[in-house]
Amino acid sequence: MKINGFTLKYSPEELAHKVNEQMRPVVLIDQNHEAFQNLKDGDKKALQYLVNAAKIMNDVALELDHPMNLVQKQALEVAAADSAYAADALKLFNSLNGVAGHNGIDPEPVEIFEGIHLLKGGNFYPQDLSEEELHRILHQMLDQNKVDEVRLILSARTIVRREGDELKAIDYTEYFADEFSEIANELECAAHYATDDLFKDYLGWQAQAFLQNNPQMDILADKHWAKMQDTALEFTVSRENYDDQMTPTIFSNELLKNRLEKLHIAPVPKDKIGIRVGIVNAAGTELLLQFKDEMRQLAGLMPRAEQYHQSVGADKDLKQTMVDVDIIALTGDYAMCRGGITLAQNLPNNDKPALAHGGGRRNVYHRQVRLSRDEEKIHKILQGLVAPQFHQYYDEEADHLFTIGHENGHTLGPDSSYQTAVGIYQHIIEEHKADVIAAAMMPEYVKAGIISEEQLKKIYATWIIKRHLPLAYPKDGEAHRMADLLEYNYLAKHNVVWFDDDKKLHMDFALMPSVCRKMLGDIIDVQLAKSPAAAKAYIDQYGQWSDILEYVSVFKKKLGVKPYIDIQMFF
Ligand SMILES: [Zn+2]
């Protein structure tokens, strides 16, 4: 079957299997949910406009991701009307929110159509531009003193296209002028109805940021967004650059890297955009704030703390808001569920200028994502892979507590200049750092009386069982999964975890704190070295695959893996 001239790559049976056996729902809240029912009328009205904005942004994200996304989606929607085969392909498309993407299990990307491939540079760069050519053209443009042009090409908010034998950058606000103007309209309508002054204010700034080709407006919008702690509604424009695999190659080219450094040009990978809409949950938020109260003290306990500046200083307010949110809409980058779906997110990321301009961060936890779990599969994993005495310690709530520690961990440690200096390894090392801060610092929360000794054991056990038992060897770009593998191997090497003759997992809770602290010290050393080679050496040492991990992965795959997600939205 051809869709817009392209043959579907999977057979009807293969697609039906993916969609019916390998896809799990994440059910967002509907209008009957008490969180929505309890809102003031103005906020209820505002939400509808915010959801409209979210839906428009989905098309923007599709365009950023792949040049064929929008046209293939449209063709699939037409074909799906009278073909079950095409309807299944459309479901897979909507789960990836794109024509191609990794599913977190298979080494090769899932590509829905023959001849349409996953692109290293997304649609940020010309499809036929190789890494070598990009580097060569940048050198050539610098030779001709086109410093400002190069600066824009390497900005997070531009699309790069060919112009003769050179490249040119187009700002997102120009490339997406129509969509951004519609979104700004929706935000202004929402601001009119919303009841909270800070929230209205933020929406006003965010609308302006979509209308003006001016990074200063992003800074202002980000700053207003991050400071809201007590508002009823959540609206986020996420800008994250994990998917651009092209720009970071510059960090591995010493000559070009040094040349850019002398010109004060910092290459930043391109942003993918997503929108999240929701309602703040009061009880969940209260727990987060208890964790937050410990952060300043934790900063002082970080390894080599005297060697770097941390964004959490003992002398100033912690500019960090945190909310637990009942989710109404996830679109764009949020809905590109490629090997997983985000449980929580702390923005802006370190590459965003708002942080250097006195702005704070806002950490948002996704209730409906963490509430969606496959109990039956968890039971089978415990039975098949974990020694019986540890089953009692597996607890999803403990995983949530670990996630809080992880998110707070991103705020601790060496600043972004250290993080980006390890080049293509930066996300792996940074996610690894956040995980290990969560684990290493967790005993401090016990001391503070926020969690119990029993909960601490559950947090450790759930961390290892849920995250360290791999489904597959992680692809290089999969920062979280590679971090999991590094952690498992580190713990195994230090006798904290092991498998018995029956291939069942054991763990030594008493050894955990000291080994995690040692691991954290090693990670901070890698960041302080500012060297991709040091990062690579660390990853090579602890990123190894082994027979037992292969056994675990085969076991888990047999359970019927559900790598695809169907986000169910009701607004
Ligand atoms: Zn993280």
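Leaving aside neighbours within four places in sequence, Leu-118 is in contact with Ala-100, Gly-101, Pro-109 and Glu-111. The model is predicted. The domain assignment gives domain 1 and domain 2.

**Leu-118**

- Leu-118 sits in the loop between strand 5 (110-111) and helix 6 (131-143).
- Is Leu-118 buried or exposed? Leu-118 counts as buried, because it has 20 C-beta neighbours inside 10 Å.
- Ala-461 is 343 residues away from Leu-118 along the chain. The C-alpha atoms of Leu-118 and Ala-461 are separated by 36 Å.

**The two domains**

- The C-alpha centres of domain 1 and domain 2 lie 33 Å apart.
- Eight residues of domain 1 are in contact with nine residues of domain 2.
- On the side of domain 1 that touches domain 2, the classes are three nonpolar, three polar and two charged residues.

**Helix 4 with helix 5**

- Two packed helices are described by the angle between their axes and the distance between the axes.
- Helix 4 spans residues 69-80, and helix 5 spans residues 84-96. Their axes come within 8 Å and cross at roughly 145°.
- The crossing of helix 4 and helix 5 is left-handed.
- Helix 4 makes this contact through Lys-73, Leu-76, Glu-77, Ala-79 and Ala-80. Helix 5 contributes Ala-86, Ala-87, Ala-89, Leu-90 and Phe-93.
- By class, the contact has eight nonpolar, no polar and two charged residues.

- Strand 6 (residues 158-163) pairs with strand 7 (residues 166-171) in the antiparallel sense, over six bridges.
- Which residue of strand 7 does Arg-162 stand opposite? Arg-162 faces Leu-167.
- Two residues lie between strand 6 and strand 7 in this hairpin. Gly-164, in the turn, has a positive phi of about 60°.

- Strand 9 (residues 272-281) and strand 10 (residues 320-332) pair in the antiparallel sense over eight bridges. Val-280 has Val-325 in strand 10 as its bridge partner.
- Strand 10 and strand 12 pair in the parallel sense, over six bridges. Here Val-325 has His-366 in strand 12 as its bridge partner.
- Strand 11 and strand 12 run antiparallel and are joined by four bridges. Leu-347 stands opposite Arg-362 in strand 12.

- Why is strand 12 (residues 361-366) largely enclosed by the rest of the structure? Six of its six residues are buried, so strand 12 is largely enclosed.
- In a regular strand the side chains alternate between the two faces of the sheet.
- Both faces of strand 12 are covered. Arg-361, Asn-363 and Tyr-365 are buried on one side. Arg-362, Val-364 and His-366 are buried on the other.

Note on methods
Residues numbered from 1 in each chain as written. Predicted model: local features only at pLDDT ≥ 70, side-chain atom pairs only at ≥ 80, totals over all residues. Axes fitted to C-alpha atoms, helices over the stretch in contact; angles between N-to-C directions. Left-handed = near helix turned anticlockwise from the far one by under 90°. Contact = placed C-beta atoms within 7 Å. Nonpolar A, V, L, I, M, F, W, Y, C, P; charged D, E, K, R; others polar. Pairing = 2+ DSSP bridges. Buried ≥ 20, exposed ≤ 12 C-beta atoms within 10 Å, placed from the backbone. Domains from an automatic or database assignment.
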